[in-house]
Amino acid sequence: MNTTLKIRTPEGIAFSFALAGPVARCLAWAVDFFVILAILKIMVLLVTVIGFISLDFQVAAMMLGYFLVSVGYGIVLEWFWRGRTIGKWLLRLRVMDAHGLRLQPHQVLLRNLLRFVDSLPAFYFIGGVTCLLSSRSQRLGDIAGSTVVVYNPKPTEPDLDQLLAGKFNSLRQHPHLEARLRQRVSPDEARLALQALVRRDDLDPIARVALFSELADHFKSLVTFPPETVESVPDEQYIRNVVDILFRTRAVEAKPAAPQPAGALG
Amino acid sequence: MIIDLPRFIDAERPTWTELEKLLDRLHEEPTRVMPLEEVQRFHLLYQKVSAELGRVATFACEPELRRYLESLTARAYAEIHETRERGRRFRPIHWFVNEFPRAFRRQSGAFAMAVIITVVGMLFGGLATTFDDEAKESIVPQQFAHLMGDPARRVAEEEKAKKDRMGGHHTYFASMLMVNNIRVSILTLGSGILFGIGTIIELFYNGVILGLVVVDYILAGQTMFMLGWLLPHGVIEIPAILVAGQGGLVLGKALIGYGDRASLDERLRGIGKDLMALICGFSGMLVWAGIVESFLSQYHEPMIHYWQKIVFGLMELSALIWFLYFRKIADPEDAP
């Protein structure tokens, strides 16, 4: 099962979305289920008033209301709230067009109405199995509507100030090499170094030494700093310095404020 | 490539903010038509942000910045590369009365197929009840238990009734019929996702029950009662189920894709708007059928003459045929 949806624009720019798996979707659905129950409960209270006028109207309103709320909840929210329901919002999920284009009303309608089929024979069995088998984690409604459900994780950067605090970074004495390091290190390599630092206390001491030695060798091969700058620096400290350069582009006191993520995808 | 990130952010932030504001405005006012200069500016901003993402994407630091630019590019991409029409001011009634018949006519082959499957089912049901006395008990589901008995006895009881059986329950009964029929029709359409097989089974089964009931009443010599009872709501309800079947078959055909060179995704995207129009169409028809069935179909002679109900049913059918086949429809309306 593929976990990312990659989209390449005609301009040659690629971006990707993390696809939501069946478990996260199931949890979102459970939240929505309780929200629908709450709405129905409120509706029952409101409809009771109609009962004073006509019991026939009251029962009819209850029946129609139940149907409209259970069917219309997903349709209305996903259309007016950019592909989100309350459950999806809580789990940071969002429905989007499978090609990254604008979500259309007929797509929202189809994916929601086909829940009737996806939920067969019980507990979304057909939808769940299809979701597991689909390369884009789509249930039948998603396939018919050409939609996917993606995950928008909240950026949770580790506290770099705490992680890197109190250490002199000798590499910063060479700004041109510092810039070259930023240029040559790929995003994945940077993330790997960061994760190694974040999880260093979980590692076995021997494995920890070996890992940081391997990482240091790799980063040293990308940019060669003058020997006097690096020769007395332990491998772990070297990686700490590298992460400091990669993730803190200015000295701590002058760190620029990064823009907030765009609303639609936040 | 080496870039001075702080300076880069400071220099480009106005571009990002401008694009973000434009995107927000597009979302808030989907019917707004941008003037040419604004379109050109929008495109320029998109290209600039795309290029900046290209620069930052190869750059290890500032993952938050990269994510921000990705999200901005994705939103702008969705607006710029969307070739499906952007909705003008949505007029629901205008859309419904034009798009429903248009979709119906465009997919008329599937409707013909739905009719054939139902007729085959009716023939099967009719023959079964003609030649097998136990067919009714074994085929008719429990929810139609009132159809199990002898038609002549039922007619006699209905015609003898002095009290209004529906008195005080019309609205409830109508809403129950609407909800139940719309749910069944959605299922009929939706089960087309199983390569059309689910829809075919649903249509055939509906046909079997209909054929069984019709022949049962004809054999019992109660044709007038049956016509007076079924026609007022049936001429709308049965075509509505056929329209749902039509949608299911369209969906199944798009999935199979026989003789179509387009990809599965393209095929499904091609039928989306038609399916939406058909869904709205059969839902509207079933709301009407529910009202008629509750307020008219349940009344028989001597309260109301059968011929009056039959004429009413035929008038409805004529209006439906005119609406779906012959009414002049306006030029294609943009999607809502």
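User: In strand 4 of chain A, which residue is the bridge partner of A:Leu93?

Analyst: The bridge partner of A:Leu93 is A:Tyr151. Before going on, note that this is a predicted model, in which local features need pLDDT of at least 70, side-chain atom pairs count only at pLDDT 80 or more, and totals for chains, interfaces and linings use all residues. Residues are numbered from 1 along each chain as its sequence is written, while chains are lettered from A and ligands numbered from 1 in the order in which they are written.

User: What makes strand 3 and strand 4 of chain A a pair?

Analyst: Two strands pair if DSSP finds at least two bridges between them. Five bridges join strand 3 of chain A to strand 4 (residues 147–151) of chain A. They therefore count as paired, and they run antiparallel. The strands themselves are DSSP runs (E, at least two residues; helices are H or I, at least four), numbered from the N terminus.

User: How do you know that strand 2 and strand 4 of chain A pair?

Analyst: DSSP gives two bridges between them, in the antiparallel sense. That reaches the cut-off, so they pair. In strand 4 of chain A, A:Val150 is the bridge partner of A:Leu19.

User: Why are strand 1 and strand 3 of chain A called edge strands?

Analyst: The open sheet has four strands in the order 1-2-4-3, with antiparallel pairing. Strand 1 (4–8) and strand 3 (93–97) each pair on one side only. Strand 1 of chain A pairs with strand 2 of chain A over five bridges. These two strands also form a hairpin with five residues between them. In its turn, A:Gly12 has a positive phi of about 85°.

User: Where do the side chains of strand 2 of chain A point?

Analyst: They alternate along residues 14–19. A:Phe15, A:Phe17 and A:Leu19 point to one face and are buried.

User: Why is B:Leu275 called buried?

Analyst: A residue is buried if 20 or more other C-beta atoms lie within 10 Å of its own, exposed if 12 or fewer, and partly exposed in between (C-beta atoms are placed from the backbone). B:Leu275 has 27, so B:Leu275 is buried. Its place is in helix 11 (residues 264–297) of chain B. Leaving aside neighbours within four places in sequence, its contacts (C-beta atoms within 7 Å) include A:His106 and A:Leu110. Both of those residues are among the buried ones of helix 4 of chain A.

User: What makes B:Met315 partly exposed?

Analyst: B:Met315 has 13 other C-beta atoms within 10 Å. B:Met315 lies in helix 12 (residues 306–326) of chain B.

User: Why is helix 4 of chain A described as mostly covered?

Analyst: Helix 4 spans residues 105–113 of chain A, and eight of its nine residues are buried.

User: Why are helix 9 and helix 10 of chain B called roughly antiparallel?

Analyst: Their packing angle is about 170°, with the axes 10 Å apart. Axes are lines fitted to C-alpha atoms, for helices over the stretch in contact, and angles run from 0 to 180 degrees between N-to-C directions. Angles under 35 degrees count as roughly parallel, over 145 as roughly antiparallel, 65 to 115 as roughly perpendicular and the rest as oblique. The two helices are therefore roughly antiparallel.

Notes:
Contact = placed C-beta atoms within 7 Å.
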